[in-house]
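Reader: I'm new to this one and would like a quick tour. Could you show me the structure before I start asking?

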Amino acid sequence: MTDKSIYERLGGEDRIRDIARTILDKHLANPVVKMRYVDTKADEVIPKLVSFLCEATGGPQKYTGKNMLEAHRGMNINDQEFMAVLDDIMEALQEHGVDERTQQELLYANYGMRREIVGV
Ligand code: HEM
């Protein structure tokens, strides 16, 4: 059990897609960040998010989107927005029944991207 990749523990691509949809739904309803996503087309962003998450968690998929610095450069995202996004991610993981250890590892991994996302 313990040496399974996060990708396997999440349940593979289909479950990751469900989680990605929940995360985007939460962003769209979250007053702190929803304005950031007014022009977002879910059918375009979900596949990018899914391949990003699959690759980052150890799946066989290849992410071909922008890296985190390029994706967020010029947006001037602040810490409050970053925390709001982390909150949405954690809530989504809990709602999808992801185990505590996997939640913690994902929180750590996401927090680690802060310097490429906040104030860039
Ligand atoms: C660890 C946290 C985050 C991760 C893993 C993440 C991941 C991503 C990814 C994979 C993309 C797609 C890149 C592409 O188009 O190729 C993206 C786009 C974007 N991100 Fe983030 N992001 C994070 C935090 C944030 C925050 C804090 C904000 C601001 C509230 C934000 C706002 C956006 C916006 C507005 C887009 C463009 C969406 C679109 O194309 O319509 N992100 N992000």
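Reader: Does Glu81 count as buried, partly exposed or exposed, and what is its relative accessibility?

Author: First, a word on the source: this is a predicted model, where local features need pLDDT of at least 70, side-chain atom pairs count only at pLDDT 80 or more, and totals for chains, interfaces and linings use all residues. Residues are numbered from 1 along each chain as its sequence is written, and side-chain values use heavy atoms, with hydrogens and water left out. Buried means under 20% relative accessible area, exposed over 50%, and partly exposed in between, with a 1.4 Å probe and protein chains only. So Glu81 counts as buried, at 10%.

Reader: Which residue does Glu81 meet in a salt bridge?

Author: A salt bridge here is a side-chain nitrogen of Lys or Arg within 4 Å of a carboxyl oxygen of Asp or Glu. For Glu81 the N to O distance is 2.7 Å, and the partner is Arg36.

Reader: How many residues apart are Arg36 and Glu81?

Author: Helices are DSSP runs of H or I, at least four residues, numbered from the N terminus. Glu81 is in helix 5, while Arg36 is in the loop between helix 2 and helix 3 (42–56). The pair links distant parts of the chain, and the separation is 45 residues.

Reader: Glu95 forms a salt bridge too, but with which residue?

Author: The closest N and O atoms of that pair are 2.7 Å apart, and the partner of Glu95 is Lys26. This one also links distant parts of the chain, with Glu95 in helix 5 and its partner in helix 2. Glu95 counts as exposed because its relative accessibility is 55%.

Reader: Where do Glu13 and Arg17 lie?

Author: These two form a salt bridge, with the closest N and O atoms 2.6 Å apart. Glu13 is partly exposed at 28%, and Arg17 is partly exposed at 23%. They're four residues apart, about one turn of the helix, and both lie in helix 2 (residues 12–29).

Reader: Which residues does Met90 touch, leaving out those up to four places away in sequence?

Author: Met90 sits in helix 5 (residues 79–95) and is buried, at 15% relative accessibility. Contact means heavy atoms within 4.5 Å. On that basis, Met90 touches Gln103 and Leu107.

Reader: What is the single protein donor to the iron atom of the ligand?

Author: Donors are N, O and S atoms within 2.8 Å of the metal (3.2 Å for Na, K and Ca), and water is not among the atoms, so sites may look incomplete. The donor atom is NE2, 2.0 Å away, and it belongs to His72.

Terms used: Helices (H or I, at least four residues) and strands (E, at least two) are DSSP runs, numbered from the N terminus.
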